[in-house]
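Please have the sequence and the structure in view while I talk.

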Amino acid sequence: MTIDIRQIRDRLPQEIADLESEARREGHCHVARLIDEWSPGDIKFEHHGERLLGAYVDDALVGIGGITVDPAMSGALRMRRFYIRPAMRGRGIGRMLALAPLEHAQSCCTVVTVHAGNDGAARFWESLGFQPHGRDGHTHLLALQHHSDDPAASDLHRFVTPRSP
């Protein structure tokens, strides 16, 4: 199994419709929101520090997620629209997909927030070092350190090799 994390620019991949259908069947609306916000250009993940990434296994899109400027916290970025196909969960794909924008964020900000949405997602984000912090529309935050000898930074570098298509 080959896993690639690729930056998505200009247009959403066609396979996003399949992800959206699976997410909706699970009761999640955030992939549909991504599509709705992308189409008119409301959110394009193009401001300083922002990125939208796709997780591909053997060239098939199996997950999506990104990072944007946090509208409620000055100078912070926010993890958004993360979803991994149910059949692909538990293989480290979500971790790789989350670590890629976190690695990038280290050069842009000192705090990253997320709204976990459910207990399983909360446990996932906490496993990456996010701490519960229920304010300003998010449930968790991660304080980033910008030191090259920081163990968390080396952990990010060890797990992530993002590439563009």
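Helices and strands here are DSSP runs numbered from the N terminus, a helix being H or I over at least four residues and a strand being E over at least two. This is a predicted model, in which local features need pLDDT of at least 70 and side-chain atom pairs count only at pLDDT 80 or more, while totals for chains, interfaces and linings use all residues. Residues are numbered from 1 along each chain as its sequence is written, and side-chain values use heavy atoms, with hydrogens and water left out.

Let me begin with Trp125, which lies in helix H4. Is Trp125 buried or exposed? With a relative accessibility of 4%, Trp125 counts as buried, where buried means under 20% relative accessible area, exposed over 50%, and partly exposed in between, using a 1.4 Å probe and protein chains only. If we set aside neighbours within four places in sequence, Trp125 is in contact (heavy atoms within 4.5 Å) with Met79, Phe82, Ala98, Val114, Ala116 and Phe130.

From there we come to the core. A nonpolar core is a set of buried Ala, Val, Leu, Ile, Met, Phe, Trp, Tyr and Cys residues joined through side-chain atoms within 4.5 Å. The largest one has 31 residues, and those with the most contacts inside it are Ile5, Met79, Ile93, Val112, Trp125 and Phe130. Among the elements that give two or more residues to this core are strand E1 (3-7), strand E4 (77-84), helix H3 (93-105) and helix H4 (119-127), and the largest share, 8 residues, comes from H3. Apart from this core lies another, of 15 residues, including Leu12, Phe45, Leu61 and Ile64.

Gly94, Arg95 and Ala98 of H3 make the contact with Phe124, Trp125 and Ser127 of H4.

Finally, the cysteines. A disulfide is a pair of cysteine sulfur atoms within 2.5 Å, and by this rule the count comes to 0 disulfides. Cys108 is in no disulfide, since the nearest cysteine sulfur, that of Cys109, is 6.4 Å away, too far for a bond. Cys108 is partly exposed, with a relative accessible area of 24%, whereas Cys109, at 5% relative accessibility, counts as buried.
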